[in-house]
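Please consult the sequence and structure shown here while reading.

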Amino acid sequence: MQLSCPMPALDFDVITLGHGSGGLLTNRLLDSGVFDLLSNEWLDERHDGATLNLNGKVAFTTDSFVVSPIFFPGGNIGELAVNGTVNDLAMCGAIPRYLSLGFILEEGLTMKAFWDILVSIKYACEKAGVKVVTGDTKVVERGKGDKIFINTTGVGEVHPRADIRACRIQAGDKVIVSGNLAAHGIAILSVRKGLEFETALESDTRNLNHMVRDLLDEFGEDIHLLRDPTRGGAATVLTEIARDTRLGIDLFQKDIPVDDAVSGACELLGLDPLYVANEGIFLAVVRAEIADDFVRRLRGLEGGKDAAMIGQVTEAHPRQVVMTSRIGGKRVVNMLVGEQLPRIC
Amino acid sequence: MTRALFLNFSSMKFLTEYRDPDLVARYLDEINKAATRPWTIMEVCGGQTHSLVKNGILNMLPDEVRMVHGPGCPVCVTPLNLIDKAVFLAEEKGVILCSFGDMLRVPGSGKSLLEAKAAGADVRILYSPLEAVKLAQDNPDREVVFFAVGFETTAPANALSVLHAHRAGVSNYAILASHVLVPPAIEAVMNDEESHIQGFLAAGHVCAIMGIDEYHPLAERYRIPIVVTGFEPVDLLQGILMTVRQLEKGEARVENQYSRVVRPEGNPEAQKVIRQVFRTGDREWRGIGSIPMSGYELRPGFERYDANLKFSVNIGKARESEECIAGLILKGIKKPGECPQFGKKCKPESPLGAPMVSSEGACAAYYHFHQAIQDLETVA
C-alpha cells in the first residue's frame with residue numbers, strides 16, 4: 001500500500017516507556033497528530049469507551065497480532081490487524097462496523113515505524129468501511145515485547161440473510177476457496193531473518209467483507225459456512241469442519257489454486273501450501289445447486305478472480321478430509337502438529 | 001558469503017511434467033504389465049517415502065509390488081545421545097545451537113531441542129550451515145554450534161561451513177556432526193537375516209553428490225537391482241518400473257532413472273570439499289546400531305571445529321523407549337502400521353521414536369497421509 005500521509009514534526013523519534021504512562025508523554029503522543037489520522041466522532045471524544053448504535057443481531061470478535069517482521073512484502077502488522085478482525089466478522093456473516101485498537105509498544109520502536117503502521121491502519125479501515133472507536137496504548141521495556149503487538153476487537157451487524165453455522169453443512173455441499181493459497185505465509189518467510197530470498201511474492205492481506213456482503217446479498221442462507229484459513233492454513237480449517245460436522249470432505253488437489261511462485265517456494269522450503277497461513281482468502285461451504293453461480297460471481301468481484309471449487313462434503317469418510325492428489329492417488333489431510341518446520345533435504 | 005537464497009521460481013515449472021496424471025497412468029500400466037510375481041522393493045530415502053505416501057502412490061501400485069521404507073531419514077537415525085548432547089550444549093553451555101528445522105522436534109532422553117528452546121535455550125532454525133558461521137562472526141562472544149545431521153547430501157555444505165570458519169579465523173564455531181552414508185546402510189539392510197528386500201531405489205540427491213560408482217559392487221555382491229531414482233511421482237514410478245523389469249529378467253544392475261540431475265561421477269567439487277574436511281568412520285545409527293565406516297567425522301587438523309571435542313559434555317546414558325520398534329521400521333522389516341503403539345501411544349504430537357517426528361520418517365508419513373485411508377478401507 002502506498003503511504004501518502006506526511007509524518008508530523010515531533011520532538012521525539014523513538015517510543016519510550018513514558019509514552020505509555022497515561023501522563024504527559026502519552027498525551028503528547030496523542031496530540032502530535034498521530035491520532036488525528038484515525039479521527040472520528042467517537043475517538044475524538046477521548047472517553048474511556050465508545051457508545052454505539054447497532055441494528056439487529058451483532059457479531060463480536062477479537063484477535064491479536066504479533067507478526068514478525070512487522071513490515072513484510074505486501075503489507076505490515078497494522079493493515080493485518082484491521083483486515084484480520086474485519087475478516088473474522090465477515091466470516092460470521094456480519095457487516096463490520098467498529099473496531100477497538102490496542103497497542104503494546106516496545107520501548108525503542110521508532111516513531112517512523114509507528115507512523116507508517118498507523119497510516120496503514122487508517123487506509124485499511126477506510127477500505128473496509130470500519131471505524132476505530134476506542135483504543136489503548138501501553139509501552140513495555142525493551143526486550144519485553146517485539147517492537148509492536150496489536151489487538152483489535154470488532155463488532156458488526158449480521159447480514160439479515162446470513163445463517164452461517166457449521167451444523168448447516170450437508171453431504172453434497174461444495175467447498176470453494178476465494179483465491180490462491182499460501183501467499184501470506186510465504187511472503188513472511190521470504191523476509192524472516194536467516195531465510196531472506198529474493199522474490200516478488202507479496203502477502204495477500206486484504207479485507208473480505210465487501211466480497212462476502214455481495215455474496216450474502218445474492219446467495220443468503222445457501223452459504224452454510226465461511227472460514228478464513230489464517231494460521232494453520234486451509235488444511236486445518238477443513239479438518240476442523242470435518243471433525244465438527246462428523247462429515248467427510250473430498251478435496252481435489254488439481255483444483256486448488258496456488259500461485260506458481262508460491263508453489264515453487266513451498267517446493268524448495270519443503271512446505272505444504274495447504275498448511276501455510278493466508279490473510280486474504282476465505283473458504284466457503286455452499287449448497288451444491290448454487291456452487292457454480294457462487295464461483296462465477298466471486299470471480300467477478302475484486303479479490304476473487306482466482307476463486308475455485310476445490311472439494312465437496314461427503315458421508316463416505318466421516319471426520320476425515322481425503323485429498324485426491326494431482327496424479328489420482330488418495331491421501332488423508334490431517335491437522336498440523338506444532339509449526340510446519342522445514343525439511344532437511 | 002551471501003545471506004540470501006536466490007531462487008529461480010520459473011525453473012520450478014518443469015516439475016509439473018513429472019506430476020502429469022497421464023504419464024503416471026501409463027507408468028502404472030507398464031508396471032502392471034511388467035510385474036508377474038510379487039516383488040519387495042525398498043526406497044532408501046525418506047524424501048521418496050514422503051512423496052510416495054503424499055501423492056497416494058502406494059495405493060495405486062499393483063499388489064505384486066510391495067514398497068518398504070528405508071533408513072534414509074537423517075533425523076530418524078541421528079543417535080539419541082547426540083540429541084541429548086545438543087540439548088546439553090544449548091542449555092548448560094550457553095551456546096547458540098543451530099539446526100535444520102526437522103531436528104528440533106525429535107525427542108531426546110529428556111527433552112527435544114524445541115522444548116529446550118521454549119525453556120530459554122538459544123536454539124535457532126537455519127536453512128544453511130553457512131548462516132551459522134555468519135552468526136558466529138556476528139556474535140564473537142558466544143559459541144555457535146551447528147547440529148550437522150544428514151546423509152551425503154548435506155555433507156558438502158556442512159564441510160564448507162567448517163572451511164569458511166577456518167579461512168576466516170572464526171574460532172567460536174563448531175559442528176556436532178552426525179553424518180551418515182547410504183551404501184553402508186544398504187549393506188546393513190541386506191546383511192540383516194530378516195530382510196527380504198529384492199531391489200532398491202537409491203536416493204537421487206545423494207547420488208547427485210556422490211555419483212553412482214559405489215553402488216556397482218553392492219548390486220553385484222547382493223545380486224540386487226539398484227535404480228537411482230528421483231522424488232516426483234513420475235520419477236518414482238519410472239524407478240519402480242526399471243527395478244521390476246530387472247527383477248523379472250533376473251538382472252542385478254545399477255541404473256540411473258534420475259539422469260537429469262545425477263551424473264555418473266556425481267559432483268566432484270562437492271566430493272573434494274567433503275574429503276578435505278571429513279573422513280569416514282564407524283557411526284551409531286539410531287534404532288539400528290553401529291555400522292562400520294558408515295559416517296563422516298572431522299579430519300585431523302579440524303578438531304577445533306568438533307563440538308564433541310570442544311566442550312566437555314557430562315550426560316547420562318541415553319535411554320531409548322522400549323516400546324519403539326524404529327530399528328525394524330528403518331530396516332524395512334516392519335511397516336509402521338504393524339507397530340502396536342502406532343497411532344496409539346505414539347503420535348506426531350507425542351512421538352515414542354524419531355520416525356514419527358520427521359516428515360521424512362515412515363511412521364509420520366503413514367500417520368499423516370495414509371493410516372486413516374487404510375482404516376476406511378478396512379471399515380468398508
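B:Cys98 stands opposite B:Arg124, which belongs to strand 4 of chain B. The model is a predicted one, in which local features need pLDDT of at least 70 and side-chain atom pairs count only at pLDDT 80 or more, while totals for chains, interfaces and linings use all residues. Residues are numbered from 1 along each chain as its sequence is written, and chains are lettered from A and ligands numbered from 1 in the order in which they are written. Helices (H or I, at least four residues) and strands (E, at least two) are DSSP runs, numbered from the N terminus; two strands pair if DSSP finds at least two bridges between them.

Strand 3 of chain B pairs with strand 4 (residues 123-125) of chain B in the parallel sense, over three bridges. Strand 3 of chain B also pairs with strand 5 (residues 144-150) of chain B, again in the parallel sense and over three bridges. In the pairing with strand 5 of chain B, B:Val144 is the bridge partner of B:Ile96. From strand 3 (residues 96-99) of chain B, B:Ile96 and B:Cys98 point one way, B:Leu97 and B:Ser99 point the other way, and all are buried. A residue is buried if 20 or more other C-beta atoms lie within 10 Å of its own, exposed if 12 or fewer, and partly exposed in between, with C-beta atoms placed from the backbone.

## The nonpolar core

The largest nonpolar core has 234 residues, of which B:Ile31, B:Leu97, B:Val145 and B:Ala202 touch the most other members. Helix 3 of chain A gives the most to this core, with nine residues. Such a core is a set of buried Ala, Val, Leu, Ile, Met, Phe, Trp, Tyr and Cys residues joined through C-beta atoms within 7 Å. In soluble globular proteins, nonpolar side chains tend to be buried together.

Leaving aside neighbours within four places in sequence, B:Ile31 is in contact (C-beta atoms, placed from the backbone, within 7 Å) with B:Leu61, B:Pro62, B:Val65, B:Leu237, B:Ile240, B:Leu241 and B:Val244.

Helix 12 (residues 268-277) of chain B has B:Val273, B:Ile274 and B:Val277 buried. Viewed down the axis of helix 12 of chain B, its buried residues fall within an arc of 100°, so they line one face of the helix; the arc is that of the directions from the helix axis to the C-beta atoms. These buried residues pack against helix 7 (155-167), strand 10 (278-285) and strand 11 (289-298) of chain B. On the other side of helix 12 of chain B, B:Pro268 and B:Lys272 are exposed.

B:Thr40 lies in strand 1 (residues 39-45) of chain B. It counts as partly exposed because it has 15 C-beta neighbours inside 10 Å. Apart from neighbours within four places in sequence, B:Thr40 is in contact with B:Arg66, B:Val68, B:His196, B:Ile197 and B:Gln198. B:Thr40 and B:Thr153 are 113 residues apart in sequence and 26 Å apart in space, C-alpha to C-alpha.

## A sheet of chain A

Chain A contains an open sheet of four strands in the order 1-6-4-5, with mixed pairing. Its edge strands, each pairing on one side only, are strand 1 (58-65) and strand 5 (131-140) of chain A. Neighbouring strands of this sheet are turned by 15° against each other on average, direction ignored. Strand 1 of chain A pairs with strand 6 (residues 148-158) of chain A in the antiparallel sense over eight bridges. A:Phe65 has A:Ile150 as its bridge partner in strand 6 of chain A.

Helix 3 (residues 111-128) of chain A lies across strand 4 (94-106), strand 5 and strand 6 of chain A, and runs at about 175° to strand 4 of chain A. Axes are lines fitted to C-alpha atoms, for helices over the stretch in contact, and angles run from 0 to 180 degrees between N-to-C directions.

## Overall dimensions

Chain A has eight helices and 13 strands. Buried residues make up 50% of chain A.

Chain B has 16 helices and 11 strands. The radius of gyration of chain B is 21 Å, close to the 21 Å that the globule rule gives for 380 residues, so chain B is as compact as a globular protein of that length. Buried residues make up 57% of chain B.

Terms used:
Two residues are in contact if their C-beta atoms, placed from the backbone, lie within 7 Å. The radius of gyration is taken over C-alpha atoms; the globule rule is 2.2 Å times the number of residues to the power 0.38.
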